[in-house]
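Subject: Structure handover

Hi,

Here is the structure you asked for. Please open it next to this email and follow along.

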Amino acid sequence: MRVPLSWLRDFAPFEGDPIALGETFDDLGMVVEGIERVGEGLDGVVVARVLEVHRIEGADKIRRVLVDDGTGDAVQVVCGAWNFEAGAVVPFARVGAVLPGDFAIGRRKMKGVESNGMICSARELSMGEDGAGIMVLADDVADPGTPFADAMGIQADVVFDLAIETNRPDANSVAGVARDAAARLKLPFTLPSGSLPGGAPTASASARVESPDLCPRFTATVVTDVVVGESPEWVRRRLTLAGMRPINNVVDASNYVMLELGQPTHPYDLDQLGGQGLLVRAARPGEKLVTLDGVERTLGTVGEDCLICDALDVPVGIAGIMGGESSEISAATTRVLLEAAYFAPMAIARTSKRLGLRSEASARFERGCDPDGIDRSVARFCQVAGVGQVDGGAIDVRSLPADRPAIRVRTKRVNKVLGTALSTEQIASYLEPIGFEVARANGAADAAAVDAAAVLDVVPPSFRPDVSIEENVIEEVARHHGYMNIERTIPRRPFVGSLTPYQKARRRLREVLVGAGLSEALGVPLLAPGEHAKAGLAEKALSAPDPLAREESVLRTSVLPGLLRAVAFNQSHRVADVALFEIGHVFGVPAEDSQPLPDEREVLGAVVADAVAAKRVFDVVSQTFHSSVSLASVADAPGLHPTRSAAVSIDGVGVVGHVGEVDPGVLAGWGIEGRVGWIGLDLGAFLPVTPVYRAARPVSRFPSSDIDLAFVVPDTVPAAAVQDELYAAAGDLLQSVALFDVYRDPERLGEGRRSLAYRLRFQSQDRTLTDEDVAAVRARLIDAIESGLGASLRG
Amino acid sequence: MEEADVKTAMEESLARVEGGDLGVLKRGPLVDLNSRLKELAAEDRPRFGQLLKDARQTVQARIDALAAAKESAERAARLEAERLDLTEVLPGPPTRGHLSLVTQTRDELEDVFVGMGFTVAEGPEVETDWHNFEALNIPKAHPARSGFDSLYLDWGEPESTLFRPHTSPVQIRLMQSQPPPIYAVMPGKVYRKDTPDASHNATFHQIEGLVVDHGITFGDLAGTIDEFIHAYFGPDIQTRLRPASFPFTEPSAEFEVSCAVCGGAGCRTCSGVGWIELGGCGMVHPNVFKAVGIDPEEWTGFAFGFGIDRIAIVRHGIEDIRVLLDNDLRFVTQF
């Protein structure tokens with residue numbers, strides 16, 4: 001909201017530095033987003049008449065000009081603008097003037113010609129954007145020598161641009177801002193009183209309210225003998241400074257009152273209203289109306305919308321939001337019906353949101369206007385419009401609750417919440433200047449007795465609908481005491497802070513992956529329709545009926561699509577060797593309708609060069625957290641390569657994810673070249689939720705012995721099975737088994753078979769192994785593999 | 001045997017050593033003289049024994065020196081042959097990956113709060129309307145709801161399930177799951193139907209804090225924010241609180257930090273005001289306590305929250321926040 005300082009001064013004597021006043025606004029929660037100075041830098045600028053214009057020898061851009069600046073002598077200046085000739089009336093900056101932007105005018109010489117001042121453009125005077133030519137004024141604007149500001153009716157002013165919080169409808173007005181700031185600065189605040197036109201209600205119009213719940217107070221005032229024309233200069237100036245365009249005296253007065261007091265009003269052309277009156281009611285389903293912006297609106301379809309109709313029940317406006325075209329004020333209007341009402345805030349908010357239609361009026365009504373401020377606003381409208389005769393008394397239809405209940409405010413509670421040591425009288429002193437009625441405890445005759453009672457019964461003013469409980473009052477006390485004046489303390493914390501074992505493990509997982517060369521991707525939890533299927537996954541997922549964009553409308557069930565998109569993106573930007581991981585949440589469609597939320601899990605997804613790279617990264621990851629995991633080939637993991645993928649299981653837990661490669665068909669669909677290795681793990685199952693401390697095994701002092709064995713094994717037998725069998729047959733002395741060579745040669749080994757070479761290391765804790773020991777183990781191993789797995793020792 | 005014989009033998013030995021015979025003390029003139037010691041008179045033997053020993057030591061020292069020089073020359077030649085220019089090594093595995101800036105920032109923030117005695121709480125990203133709004137004193141039709149630009153999902157009743165637009169529902173779940181005292185922060189992903197631009201993403205990350213204990217005051221809130229800001233941004237950064245409005249706190253405040261770029265004098269980064277708005281905070285609203293069954297007369301508390309992504313872009317001088325979600329390795333690998 002734009003608030004001119006001169007307007008604020010109508011209500012309280014604000015003096016001094018506008019910057020300091022701005023800090024007061026800030027500190028009260030009215031955020032200063034800008035401070036604009038207008039009409040400054042015009043001292044020494046006068047109206048002048050151009051007497052003669054001459055060419056300068058050897059110059060084609062500038063001319064020599066003689067002006068009459070009211071001093072009696074013709075003053076010579078050099079001017080670079082060509083949009084005027086002799087006789088023109090112009091703004092003239094005398095030598096010594098300092099224009100906006102600290103531009104000092106001095107005496108200077110150009111092409112040997114002395115220039116004693118400057119003829120100004122609109123831009124040089126901060127009067128507009130035009131800087132191409134000088135500002136040519138009306139011939140009769142004023143006599144030469146008249147100060148330019150006087151001739152143009154310009155007054156120096158400061159305009160504050162304030163952001164008002166949603167809970168402060170009272171501060172959405174010049175008077176409200178002034179009230180708050182005056183209270184903080186301990187300045188007197190005066191709000192002129194005003195009442196509705198009294199006497200018998202007007203006979204020239206009618207007003208009826210059918211839906212008092214939507215409109216608890218409605219007033220109608222008739223003004224006759226109206227001549228629609230331009231508003232006085234001061235009204236136009238203030239509206240312009242506040243950012244509103246002047247239209248005509250009637251509409252301007254309505255806007256002026258809204259800006260000044262926060263009460264929207266609506267003037268109708270009474271003679272255009274059917275039946276010469278208004279009816280307030282809920283819209284019937286499907287009712288239509290063309291609003292002032294020329295758009296046809298349909299109402300009453302969802303929930304209740306409040307309509308203003310004429311006395312013949314024809315809609316003429318959407319209550320509190322926007323009027324209709326039919327009864328607009330025009331040049332021909334002579335009788336005005338002024339509506340000033342209090343509409344139910346929730347109803348206005350609902351209708352405004354549903355229609356996507358917001359106005360200055362709806363913004364104020366939905367936050368809650370002052371139902372008791374209507375009287376003053378109507379009086380002020382008549383004053384500002386300054387035309388016509390009030391016809392009889394106002395019609396006032398009200399169903400407001402009689403009184404606002406008092407709120408009990410306990411001094412102890414105030415200090416307990418704020419950490420202050422305020423006295424009861426201090427609390428009262430913060431509340432009274434902002435309009436709160438404060439009742440001291442019974443019989444408390446002086447300040448000491450008030451403090452001793454330590455309670456206040458506080459009735460918030462009608463313009464503070466946001467205040468209804470003790471905490472709301474405490475916030476007001478804190479605001480006017482000053483948030484920054486509350487001593488900062490640090491609570492004694494009873495705990496040692498720490499991450500959970502899961503959170504620590506997840507950080508470690510990230511570090512291990514980064515150490516393995518993978519970078520972290522950040523995923524969006526929503527996908528485009530079809531992206532699951534494009535990644536080879538089931539398309540069944542939750543989705544958003546009303547998304548921001550179709551591309552983000554389906555809740556992901558996997559991080560695979562997002563990572564494939566990242567691979568494709570990076571490939572298309574010539575980044576080779578993409579290795580990415582994401583740790584994020586995925587969402588399964590619940591099996592039961594009764595489940596309140598989807599099956600949400602935290603998972604790891606990683607994309608690397610191919611299945612071999614995936615397996616190697618996986619080994620590093622799994623060895624970080626588990627002493628043993630097992631892999632089993634799977635042909636039907638969604639989205640994965642049917643012959644190059646395996647399921648990951650942990651003893652006692654079950655399958656926790658997959659490692660392998662993405663299906664080549666899927667990759668083709670994303671336009672990805674080459675292979676993409678994949679690791680997918682359900683972290684809730686995979687990461688330890690309690691710290692794991694592995695038991696130590698002493699390192700033997702005795703030498704170890706190795707046995708190297710190569711077996712020719714059918715492709716149908718996984719290497720993991722051979723390894724398991726070796727472990728089982730090796731006995732207690734086994735230290736490690738390592739596969740060190742895989743070799744295929746159909747001619748020498750036969751079709752469908754390969755050679756797997758293992759090195760097994762043996763060691764005893766208490767002796768050096770003998771050749772006999774080793775030979776016995778070797779024989780046992782060969783026998784186990786040959787008899788158990790249909791393999792043969794490679795000769 | 002004369003003393004001169006010893007001297008001669010020693011000089012001859014030294015000459016042979018210089019000639020490359022490093023075995024001269026095993027087969028040479030000093031060995032010969034030594035074998036003739038027994039020919040001497042008994043009283044002369046110790047003196048000549050000592051002379052011979054001295055001579056052998058002199059020769060041995062020379063042998064050692066030459067051997068060392070030879071070995072050193074050989075080592076130098078060998079090492080020279082192995083010379084490697086480490087700057088010409090081809091890049092290869094292992095290479096280093098990079099954590100996302102959001103994770104890096106989140107970890108730093110978590111560490112500061114853990115150091116201050118807080119735990120880190122997490123919760124679901126898809127939430128019920130009750131946890132996300134109702135329990136936070138934002139009933140249906142509350143005007144504040146529209147400000148969240150919530151993304152509702154097709155599960156349950158219409159507008160009953162949504163992707164959380166703030167991490168506050170984790171506060172509700174935490175208060176439901178444990179009695180006070182509570183000292184926790186809640187970092188996490190949120191989503192708002194807000195068209196992305198240079199300073200907004202629809203998907204972004206927040207961290208909130210919640211303290212509930214006996215005797216917690218607004219002064220504690222201001223002090224805790226101050227403590228955190230100093231620990232994270234440094235001792236020179238100032239904080240200030242300004243009245244604001246949130247449904248879930250009362251009194252409420254925005255908290256701001258003095259601009260690190262200009263030190264508060266006003267510059268482009270802070271739009272000339274010297275302060276940068278960081279987040280919202282306030283004393284937990286009694287209705288929130290009531291929703292989770294905590295007695296607001298017995299317990300008081302405060303909550304605060306701010307954006308992780310925004311801190312990351314300010315810290316790293318990023319002009320367009322959308323780059324955080326691009327997963328563009330040319331960007332990610334810079335950090």
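Which residue in β23(A) is the bridge partner of V223(A)? It is V390(A). Keep in mind that this is a predicted model.

Strand β14 of chain A covers residues 217–224. It is mostly covered, with eight of its eight residues buried. R217(A), T219(A), T221(A) and V223(A) point one way. F218(A), A220(A), V222(A) and T224(A) point the other way. Residues on both sides are buried.

Now go through the pairings of β14(A):

- Strand β22 (residues 336–342) of chain A is joined to β14(A) by seven bridges, and the two run antiparallel. Here F218(A) stands opposite A341(A).
- Strand β24 (residues 395–398) of chain A is joined to β14(A) by four bridges, again antiparallel. Here T219(A) faces D396(A).
- Strand β23 (residues 389–390) of chain A is joined to β14(A) by two bridges, also antiparallel.

**A five-strand sheet**

Next, find the open sheet of five strands in chain A. Its order is β5-β4-β3-β6-β11, with antiparallel pairing. Which strands are at the edges? They are β5 (74–79) and β11 (118–119) of chain A, and each pairs on one side only. Inside the sheet, five bridges join β3 (residues 45–56) to β6 (residues 89–93) of chain A. V47(A) stands opposite P91(A) in β6(A).

**R94(A), in a loop**

R94(A) sits in the loop between β6 and β7 (98–99) of chain A. Is R94(A) buried or partly exposed? Its relative accessibility is 27%, so R94(A) counts as partly exposed. A polar atom of its side chain lies 2.8 Å from the backbone oxygen of D69(A). Leaving out residues up to four places away in sequence, R94(A) touches G44(A), V46(A), D69(A), T71(A), I105(A) and G145(A). To get a sense of scale, draw a line from R94(A) to P703(A). They are 609 residues apart in sequence and 105 Å apart in space, C-alpha to C-alpha.

**The second largest pocket**

Now move to the second largest pocket. Its volume is about 1800 Å³. Its lining has 42 residues, and the closest to its centre are K615(A), D619(A), L631(A), A719(A) and A720(A). Several elements of chain A give two or more residues to the lining, including β33 (630–633), α20 (719–730) and β39 (753–762). Which element gives the most? It is α17(A), with eight residues. By class, the lining has 19 nonpolar, 13 polar and 10 charged residues.

**S755(A), in β39**

One last residue. S755(A) is found in strand β39 of chain A. Why does S755(A) count as buried? Because its relative accessibility is 0%, and the cut-off for buried is under 20%. The side chain of S755(A) makes a polar contact with the side chain of R794(A), at 3.4 Å. R794(A) is also among the residues that S755(A) touches, not counting those up to four places away in sequence.

Best wishes

Note on methods. Residues numbered from 1 in each chain as written. Chains lettered and ligands numbered in written order. Predicted model: local features only at pLDDT ≥ 70, side-chain atom pairs only at ≥ 80, totals over all residues. Heavy atoms only, no water. 1 Å grid on protein atoms, 1.4 Å probe; cavity = no way out; pocket = protein on both sides within 12 Å on 5 of 7 lines; lining within 4 Å. Points joined across faces, edges and corners; volume = space filled by probe spheres on them. Nonpolar A, V, L, I, M, F, W, Y, C, P; charged D, E, K, R; others polar. Buried < 20%, exposed > 50% of the residue type's maximum accessible area, 1.4 Å probe, protein only. Polar contact = N/O pair within 3.5 Å; in protein donor to acceptor, adjacent residues only side chain to side chain. Contact = heavy atoms within 4.5 Å. Pairing = 2+ DSSP bridges.
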